[in-house]
Amino acid sequence: ASNSSREGAAGAWLRTPLAPGEVITAQSGGFERDPQESSTTDEELSRAGSPGSRGGGSTTPDYGEKRLPQALIIGVKKGGTRALLEAIRAHPDVRAVGTEPHFFDRNYEKGLEWYRNVMPKTLDGQITMEKTPSYFVTNEAPRRIHSMAKDTKLIVVVRNPVTRAISDYTQTLSKKPEIPTFEVLAFKNRTLGLIDASWSAIRIGIYALHLENWLQYFPLSQILFVSGERLITDPAGEMAKVQDFLGLKRIVTEKHFYFNKTKGFPCLKKPEDSSAPRCLGKSKGRTHPKIDPDVIHRLRKFYKPFNVMFYQMTGQDFQWEQEESDK
């Protein structure tokens, strides 16, 4: 069969509908009161948008006005979206909501006025942003965002889908210790090595499949793909790309970051004052459970054609295969 017909078949096979609320439940539930882990309540959201809350680099001013966001971090879950949001919030021309509004997936019926009200106040020239990682895998999100503003800039933080899936499982495990092992959930049939692509932890990492949906509404030039791996190894380099993409001056640079050896990833310094650096919460950098190497091998094989497709679609090689062969 030709490549395209094979890919078409793979696409059709994977287009099995999710169980109702599957992606949603993977996102919800609170842990350690880390903002991105919580299922945001209306009350928190109205607080998030109120004066004096942490709507940006410091406190939200009483002047300015609330605007709909011009840029969104739309994914992916466990990719590094919280780290990216915290880093971009260090820019004086960015105001962002700390909590995840989940407007385009869970709260859409509340309307744009509700959504605008959740946003921090901004001055002319400042960019309003929010992040909700489940948007990337929500079928209706591209159409809904496009109908709000077709020139919205979209940022997707992607990470090796195998480590992303394990991280996703680790997060769920921390809240529900009674769930089956990763191996049990990952396979439809362990003996045949059939991967269960309907399990959200695996399905989210089939980036090519989800991206297809977005490209029906947005040109590639309006979507920036940030490497979750490089956000750790070279945060300033990735942030330079993000600031360029948003049309901002490169203000968030090397001097904003230092590497935290205990955590294993960079933390944000606050150059303007001597307050303690901002590291991500306790729920970040959890130790992953040990996974059978054969399972990892099968997952790599499963994702490889989709990764290659994703590299072709985006024109970017994230080197996830290379990374594996180095180990």
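Visitor: How many helices and strands does the secondary structure of the protein come to?

Guide: The protein has 14 helices and 11 strands. Helices (H or I, at least four residues) and strands (E, at least two) are DSSP runs, numbered from the N terminus. This is a predicted model, in which local features need pLDDT of at least 70, side-chain atom pairs count only at pLDDT 80 or more, and totals for chains, interfaces and linings use all residues. Residues are numbered from 1 along each chain as its sequence is written, and side-chain values use heavy atoms, with hydrogens and water left out.

Visitor: What percentage of the residues in the protein is buried?

Guide: Start with the cut-offs. Buried means under 20% relative accessible area, exposed means over 50%, and partly exposed lies in between (1.4 Å probe, protein chains only). Of the 327 residues in the protein, 51% are buried.

Visitor: Which residues of H4 are buried?

Guide: Helix H4 spans residues 81–88. Seven of its eight residues are buried, so H4 is mostly covered. The buried ones are Thr81, Arg82, Leu84, Leu85, Glu86, Ala87 and Ile88.

Visitor: What is Thr81 in contact with, leaving aside its neighbours within four places in sequence?

Guide: Contact means heavy atoms within 4.5 Å. On that basis Thr81 is in contact with Ile73, Gly75, Val76, Lys131, Pro133 and Val157. Thr81 is buried, at a relative accessible area of 5%.

Visitor: For which feature does UniProt list Thr81?

Guide: An unreviewed UniProt entry lists Thr81 under "binding site".

Visitor: At what angle do the axes of H4 and H12 cross?

Guide: Axes are lines fitted to C-alpha atoms, for helices over the stretch in contact, and angles run from 0 to 180 degrees between N-to-C directions. The axes of H4 and helix H12 (residues 235–245) cross at roughly 65° and come within 11 Å. Now the naming: angles under 35 degrees count as roughly parallel, over 145 as roughly antiparallel, 65 to 115 as roughly perpendicular and the rest as oblique. H4 and H12 are therefore roughly perpendicular to each other.

Visitor: Are H7 and H13 oblique or roughly parallel to each other?

Guide: The axes of helix H7 (residues 161–175) and H13 come within 9 Å and cross at roughly 125°. The two helices are therefore oblique to each other. Pro161, Val162, Ala165 and Ile166 in H7 meet residues of H13, including Ile296, Leu299 and Tyr303.

Visitor: Which cysteines form a disulfide?

Guide: A disulfide is a covalent bond between the sulfur atoms of two cysteines. Here the rule is a pair of cysteine sulfur atoms within 2.5 Å. The count comes to one disulfide. Cys267 and Cys279 form it, with sulfur atoms 2.0 Å apart. Cys267 sits in strand E11 (residues 265–268), and Cys279 in the loop between E11 and helix H13 (293–314), 12 residues apart. The torsion about their S-S bond is about 105°, so the disulfide is right-handed.

Visitor: Is Cys267 buried or exposed?

Guide: Cys267 is buried, at 1% relative accessibility. Cys279 is partly exposed, at 25%.

Visitor: Where is there a cis peptide bond?

Guide: First, the background. Most residues other than glycine have a negative phi, and most peptide bonds are trans. A cis peptide bond joins Gly75 and Val76, with omega about -5°. Val76 lies in the loop between strand E2 (71–75) and H4.

Visitor: What is the phi of His102, and what is that of Gln319?

Guide: His102 has a positive phi of about 50°, although it is not a glycine. His102 is in the loop between strand E3 (94–96) and helix H5 (111–118). At 2% relative accessibility, His102 is buried. Phi of Gln319 is near 60°, also a positive value. Gln319 lies in the loop between H13 and helix H14 (320–326). Gln319 is partly exposed, at 39%.

Definitions and conventions
UniProt positions are given in the numbering used here, feature names are shortened, and annotations may be inferred rather than shown by experiment.
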